[in-house]
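Subject: Structure for you to look at, with notes

Dear colleague,

I am passing on the structure we spoke about, with the sequence alongside.

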Amino acid sequence: MPALLKVLFLRMFRRAECRIAITVTLLCCLIAFGETCFKFYGADVGELPSAAYAWAWNMDAMQVNASRVYLFFVMPVAAALVFADAARQDLRSGAACLLASRTSVTTCVLAYGITSFIGAFLLTFVALVLLQVLALVAFPVEGAFEGYLGMPMYLDLRTPGGLFAGIWNSSPYAYNMIFTCGAAFWAGASALLSCSLGMFMRRNKLALIVPAAISLAAFVVLPLVVPRLGNLLHFYVMYPKLNDQVISVFRFIATPCLCLIPSVCLMAVACKRGRDVLL
């Protein structure tokens, strides 16, 4: 397994698809950062928020539309593009059968899944960390304004409750890293689903966009059918919403983990079918 993972990771960074995903993600980060800075163009230094609050992934407070577009449309596809379609390509070319003959079907399937998950996780994690670093360049470490845009600059609207509110009050940058890891985990889970679907959908790259399509459909349809179900979707726990994010820590952790269940089931089926999947 370690040797196979090493081979797959080296291949991942050499893939044109991975470079495209990195380029598109970097472009989205720069646009989101530029949009954040533009909102405070001409403001006095004393009126600027802290870099923790002006983080572009704090999209509701900063009203950063580029971050919303990235979350809903770009992130799941870019995450899958890193490596999720490699299993499908290798199945079509016969390379996966060769790898399985040297290891085993189970090892081969797991290696593709692990590489897809970690590649997508790293892409999103590095992107959101980059947004935080860029915020530190443009905004003070501790700013005077902590309220929503449009509110008087002298107001401090820290909430007494909300998800990880204690961490936000004591260490806002650690608070941001929690949501960075949460979003990166969801991106990895989405890529893993694309990878597992690709083992059964070999003729096109539809598997790359299926997770994003399902997520968007649920986001649009569920609130119309049963409004309360819409709040159960993972989108609501992928970025800070301090003043109205009153969910439990368990739900914050469990929500993205639920995305792993279909992937694990599909991978188990692929392992059970063995050579039938490879041929």
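Which residues do ring pairs link into a cluster? The cluster consists of Y53, F164, W168, Y175, F179 and F252. Please bear in mind throughout that this is a predicted model.

Aromatic pairs

A search of the whole structure finds 12 aromatic pairs. One of them is formed by Y53 and W168, whose rings are tilted, with 6.1 Å from centre to centre and 45° between the planes. This pair links distant parts of the chain, since Y53 sits in the loop between α2 (16–39) and α3 (59–62) while W168 belongs to helix α8 (residues 165–170), 115 residues apart. Both partners are buried, Y53 with a relative accessible area of 7% and W168 with one of 5%.

F121 and F125 make another aromatic pair, this one stacked, with the ring centres 6.0 Å apart and 10° between the planes. The two residues are 4 residues apart in helix α7 (residues 105–138), so about one helical turn separates F121 from F125. In an α-helix there are 3.6 residues a turn, and therefore residues three or four places apart point the same way. F121 counts as partly exposed at 21% relative accessibility, and F125 likewise counts as partly exposed, at 26%.

Packing of α1 against α7

Helix α7 also packs with helix α1 (residues 2–14), at an angle of about 45° and with the axes 10 Å apart. At that angle α1 and α7 are oblique to each other, and their crossing is right-handed. From α1 the residues L4, L5, L8, F9, R11 and M12 take part, and in α7 they meet T107, C108, A111, Y112, I114, T115, I118 and G119. The residues of this contact between α1 and α7 divide into 10 nonpolar, 3 polar and 1 charged.

Two buried positions

Where does A52 lie, and what does A52 touch? A52 lies in the loop between α2 and α3, and it is buried, with a relative accessible area of 1%. If residues up to four places away in sequence are not counted, A52 touches Q132, W168, P172, Y173 and N176. A52 and L136 are 84 residues apart in sequence, and the distance between their C-alpha atoms is 7.9 Å.

T180, in helix α9 (residues 172–198), is buried as well, with a relative accessible area of 0%. Leaving aside neighbours within four places in sequence, T180 is in contact with W55, F125, L128 and V129.

Helix α5

After α5 comes G94, whose phi is positive, near 95°.

Key. Residues are numbered from 1 along each chain as its sequence is written. This is a predicted model: local features need pLDDT of at least 70, side-chain atom pairs count only at pLDDT 80 or more; totals for chains, interfaces and linings use all residues. Side-chain values use heavy atoms; hydrogens and water are left out. Rings of Phe, Tyr and Trp (its six-membered ring) pair if their centres lie within 6.5 Å; planes under 30 degrees apart count as stacked, over 60 as edge-to-face and the rest as tilted. Buried means under 20% relative accessible area, exposed over 50%, partly exposed in between (1.4 Å probe, protein chains only). Axes are lines fitted to C-alpha atoms, for helices over the stretch in contact, and angles run from 0 to 180 degrees between N-to-C directions. Angles under 35 degrees count as roughly parallel, over 145 as roughly antiparallel, 65 to 115 as roughly perpendicular and the rest as oblique. A crossing is left-handed if the near helix is turned anticlockwise from the far one by less than a right angle, and right-handed if clockwise. Contact means heavy atoms within 4.5 Å. Ala, Val, Leu, Ile, Met, Phe, Trp, Tyr, Cys and Pro count as nonpolar, Asp, Glu, Lys and Arg as charged, and the others, Gly among them, as polar.
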